[in-house]
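Student: I am new to this structure and would like to go through it step by step. Could we look at it together?

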Amino acid sequence: MKPRIAFFDFACCEGCQLQVANLGEALLDVLKLVDVVEFREVMSEKWAGPLDIAVVEGSITTKEAVERIEKIRARSRILIAYGSCATIGGVNGMKNRSPLEEIRRTVYGEHAHTFPTIATRPVDQVVKVDYYVHGCPIWPPEFIEVLQAALQGVPCFPPDHAVCVECKLNENVCLYDKGVTCLGPVTRAGCNSWCTNNGNICYGCRGLVSNPNTKGAMDVLARYRIPLELVLNKMSMYNACREQGKTP
Amino acid sequence: MRYVTIPADKMADYITALARRQKVVAPVEKGKGQFAFEPISEGREATLTYIPTILPPKKFFMPQYETLLEYDLHEGQKMQAVVELEEMVLFGVHTCDLAGIACLNTVFSDRPKDLNYLIRKNKIVIIGLECVAYCDEYASCALMNNHLPNGGYDLFLTPLGDRYIGHVNTYIGDSLVEEGGFFRDATGADFAALEEVRRRKREVFHDEVPIDLDEIPRIFAHSLRTTIWKEIGDRCLSCGNCTNVCPTCYCFDIVDKPNLDLKSGRRIRVWDSCQNERFAKIAGGESFRKERSSRKRHRFFRKFRYPVDRFGKFFCTGCGRCSRTCMARINLKETLAQLAREYV
Ligand code: SF4
Ligand code: SF4
Ligand code: SF4
Ligand code: SF4
Ligand code: SF4
């Protein structure tokens with residue numbers, strides 16, 4: 001019997017799940033390896049039984065979500081946090097930068113009381129996570145790599161060096177040479193410098209490396225006459241949940 | 001010893017003629033004053049006045065990602081060593097980069113010999129190109145004695161204004177200058193012009209850092225505990241650029257890349273760097289160089305001290321790439337000058 005795999009989404013845009021559908025030809029090979037029993041984006045079937053692999057997208061932002069993820073964890077042999085919302089809290093983490101009540105009123109206005117909410121947490125701050133696929137959206141080849149490792153039962157650690165490493169290996173002209181700032185030096189690699197290959201800045205979607213030189217990075221960014229507040233905003237766009245816990 | 005010349009306005013045609021017969025890689029403009037060695041099919045795609053390319057020619061000798069082995073576990077355990085070689089002519093290599101290739105040759109010829117490297121290297125034909133002026137303010141090639149040709153090429157070209165003079169260094173170099181009848185043998189006037197270029201060069205190329213090369217071993221013998229490492233470590237972002245662009249940094253990691261059948265796959269080597277967080281991490285999570293200051297020190301010691309003890313040569317070519325690429329503006333010439341000041 002092929003391993004049973006299911007996809008679940010919490011607070012997110014579901015764009016990372018869409019990336020699976022975008023795998024193209026590789027998807028057919030992936031489907032030979034696993035039996036997809038639940039995947040809302042592409043099929044209507046549901047599965048309530050035990051799972052070999054749960055792929056979880058999105059952050060945990062409500063009490064119901066906590067209960068739901070705990071149940072998913074309980075019936076899954078392996079849990080993969082999938083996409084930055086799940087691995088590091090992602091953009092949802094911005095919520096944590098203001099008091100909950102205030103945020104609730106800003107978003108839901110007079111109906112605020114009907115939308116109970118809790119601080120945003122990445123999945124591993126609620127249940128145990130076995131594998132991580134960072135990114136907003138995830139980089140499909142990395143997902144395949146993680147899936148292969150999960151199926152083989154071997155560990156798979158995302159890189160803990162800067163996006164610059166992959167960017168240099170791809171021999172891109174550095175954005176700093178173009179007079180533009182880039183979060184590559186403090187952002188965890190693993191996307192094959194997807195954005196900078198295409199002339200964009202790295203906006204840090206995979207989260208900070210485990211030991212970033214924040215002070216040094218601010219000095220570098222400050223040289224480009226960007227207001228400090230903007231620098232902090234840039235760095236915390238994806239990383240606001242970071243203070244609450246550590247992610248490998 | 002054979003010298004030849006070629007008119008400057010025939011150079012593009014000559015490169016085109018070479019590219020008709022084999023793969024030619026040459027410096028190509030990438031915008032924002034940056035260059036890269038890339039395959040070309042026409043001579044006019046190449047730029048013969050260029051500052052050191054983003055990545056040095058090492059990317060052809062030890063590619064960023066290189067397959068070393070293919071495995072297949074469908075029936076038993078089959079493994080096949082692989083050498084991904086590529087015949088090519090590397091056109092327009094500056095003397096600093098020739099020195100970089102010489103360093104890599106030294107390392108990979110040391111025991112245990114690296115067969116992948118040595119086989120690849122034998123398939124690469126090298127045409128050198130002399131700088132008659134500094135590339136930019138980051139260069140320290142004269143300090144490192146790499147501003148003049150010192151072997152390591154098949155043919156070496158020096159611009160003499162309206163023509164290039166070429167030094168033919170190997171049999172392959174001989175066949176290179178036979179191509180298409182572009183070259184003729186050099187005469188007395190050509191040698192005089194070459195002598196004049198070198199004389200002028202000696203006037204310009206010197207003292208990029210106010211120290212002597214002979215002093216460097218002594219300076220580094222005393223710089224283990226200086227606060228300079230902490231100072232630059234505090235600024236360093238550990239982006240790894242300085243090592244990836246360095247023509248003499250050769251550290252790599254080995255990784256298995258399974259195919260989707262999970263039974264077969266490739267074992268590859270990929271560039272690694274002492275600036276990366278996990279480089280010196282071992283089982284249990286301990287890291288030998290946790291502090292950025294110790295990583296920065298390691299990089300400098302890996303250029304100016306350890307290889308001197310081991311191979312009797314410096315592993316800095318003076319190309320300036322590390323300083324050029326550093327967004328934190330950690331500058332090799334400044335650091336050397338600082339170390340020297342502290343020691344004196
Ligand atoms: S463009 Fe960005 S990611 Fe690439 S080397 Fe420069 S800073 Fe690093
Ligand atoms: S380059 Fe940066 S922003 Fe783009 S995918 Fe990679 S980590 Fe995300
Ligand atoms: S290029 Fe500069 S910031 Fe990056 S690792 Fe090297 S010294 Fe540090
Ligand atoms: S240390 Fe810097 S200047 Fe020296 S060879 Fe390496 S990149 Fe070039
Ligand atoms: S460092 Fe020296 S040899 Fe190298 S490109 Fe610059 S001037 Fe030429």
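Student: In which loop of chain B does B:Glu130 lie?

Tutor: This is a predicted model, in which local features need pLDDT of at least 70 and side-chain atom pairs count only at pLDDT 80 or more, while totals for chains, interfaces and linings use all residues. Residues are numbered from 1 along each chain as its sequence is written, chains are lettered from A and ligands numbered from 1 in the order in which they are written, and side-chain values use heavy atoms, with hydrogens and water left out. Helices (H or I, at least four residues) and strands (E, at least two) are DSSP runs numbered from the N terminus, and on that numbering B:Glu130 lies in the loop between strand 7 (124-129) and strand 8 (155-159) of chain B.

Student: Is B:Glu130 buried or exposed?

Tutor: With a 1.4 Å probe and protein chains only, a residue is called buried under 20% relative accessible area, exposed over 50%, and partly exposed in between. Because its relative accessibility is 3%, B:Glu130 counts as buried.

Student: With which side chain does the side chain of B:Glu130 make a polar contact of 2.7 Å?

Tutor: A polar contact is a pair of N or O atoms within 3.5 Å; within protein, one must be able to donate a hydrogen and the other to accept it, and residues adjacent in sequence count only if both atoms are side-chain atoms. One such contact, of 3.0 Å, joins the side chains of B:Glu130 and B:Lys201. The contact of 2.7 Å is made with the side chain of B:Arg198.

Student: How many salt bridges does the rule find across the interface of domain 1 of chain B and domain 2 of chain B?

Tutor: The rule asks for a side-chain nitrogen of Lys or Arg within 4 Å of a carboxyl oxygen of Asp or Glu. B:Glu66 and B:Arg269 form a salt bridge, with their closest N and O atoms 3.0 Å apart. Across the interface of these two domains of chain B, the number of salt bridges found is five.
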